[in-house]
Amino acid sequence: MSSSSSTTVIIKSCLDILRRLDPAETEKHLENLTNLLSNNDDNDEISDELYQRVDVPLKVLQDTHADDRKFLACDHNRDGDSHRSPWSNMYFPSLQDDDDDDDGFYPSERLRQLELHANEVFDIYRELYFGKSKTSVSSVYLWDKEPNDNNNNNSGGTNDETAGFSGAFLIQNKVDNGSYWNSIHVVDVGSIERGSGRCEYKLTTTILISVNTPSEKRDEESTTTISGSLIRQ
């Protein structure tokens, strides 16, 4: 069996295992699987593929350069162990000791302006849906597509208004008892036609939910946890 075929089989097996485990512990199970495969020659490739294909519960970080505004951390704004904030466009923790984040991944100026506007709009939507409580957070991340991902061969990182792009629209609502709602909407936008302004896009939505309910027996300090995930494209 070729190395490529073997890698595909391993990835498929890992995904099958993760589907049968508690969704609330997906991050821990994912880490355990990658550690188990640490001696495999293709471990880095397999780990990257798994982290790209498996959604884990979102984490909340604070942007100290934007009045401590909260933002969500996921694979779509990650570079190594750092995550880019949509508010200040800086990484936390910083990628370099001198706070110069030039080495990170950033959207083009065209997309950056769109990203800022999208975050403000999505934050209003979040507030209208979940109220003004501090339990919910939203974030939007946009990134340029690779040159060969655009039908008209526009280069990634270009400010050409016809170039396609991708983005992630995220919302988390978490309450004190540990219950949470995570919605992850990833959109892939194709090249925009000149004149008509039309384009083709593909939307993939993932919902991660976990509900904790206390035991009905007063003498027991136990809880029942119901967790699940749903993906639609």
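1. Sheet S3-S4-S5. Three strands form an open sheet in the order S3-S4-S5, and their pairing is antiparallel. Strand S3 (78–79) and S5 are the edge strands, each pairing on one side only. Strand S4 (residues 82–84) joins S5 through two bridges, in the antiparallel sense. Across that pairing, Arg84 stands opposite Tyr91 in S5. Strands here are DSSP runs of E with at least two residues, helices are runs of H or I with at least four, and both are numbered from the N terminus. Two strands count as paired if DSSP finds at least two bridges between them.

2. Basis and confidence. This is a predicted model, in which local features need pLDDT of at least 70, side-chain atom pairs count only at pLDDT 80 or more, and totals for chains, interfaces and linings use all residues. Residues are numbered from 1 along each chain as its sequence is written, and side-chain values use heavy atoms, with hydrogens and water left out. The protein chain averages a pLDDT (the predictor's confidence in each residue, from 0 to 100) of 83, and 85% of the residues score at least 70.

3. A stretch to treat with care. Over residues 151–156, pLDDT stays under 50. The model still has 13 contacts (heavy atoms within 4.5 Å) beyond four places in sequence for these residues. Where pLDDT is low, predicted coordinates should not be read in detail.

4. Tyr106 sits in the loop between strand S5 (91–92) and helix H4 (109–130). Tyr106 counts as partly exposed, at 30% relative accessibility. The classes are buried under 20% relative accessible area, exposed over 50%, and partly exposed in between (1.4 Å probe, protein chains only). Tyr106 and Asn89 are 17 residues apart along the chain, with their C-alpha atoms separated by 7.8 Å.

5. Nonpolar cores. A core here is a set of buried Ala, Val, Leu, Ile, Met, Phe, Trp, Tyr and Cys residues joined through side-chain atoms within 4.5 Å. The largest has 14 residues, of which Leu58, Phe71, Leu72, Leu170 and Ile184 touch the most other members. Strand S2 (69–73), strand S6 (136–144), strand S7 (165–174) and strand S8 (180–189) each supply at least two residues of this core. A second, separate core holds 11 residues, including Ile10, Cys14, Leu15 and Leu33.

6. Cysteines. Zero disulfides turn up in a search of the whole structure; the criterion is a pair of cysteine sulfur atoms within 2.5 Å. Cys74 is buried at 12% relative accessible area. Cys199 is partly exposed at 35%.

7. Local salt bridges. The count comes to 11, taking a side-chain nitrogen of Lys or Arg within 4 Å of a carboxyl oxygen of Asp or Glu. Asp16 bridges to Arg19, with the closest N and O atoms 2.7 Å apart. Both lie in helix H1 (residues 3–19), three residues apart, about one turn of the helix. Asp16 is partly exposed at 30%, whereas Arg19 is exposed at 60%. Glu25 and Lys28 form another salt bridge, at 3.8 Å between the closest N and O atoms.

8. Asp123 and Arg69 meet through their side chains at 3.6 Å, N to O. Asp123 lies in helix H4 and Arg69 in strand S2, so the pair ties together parts 54 residues apart in sequence. Asp123 is buried at 17%; Arg69 is partly exposed at 31%. Arg69, Glu120, Asp123 and Arg126 are linked in a salt-bridge network.
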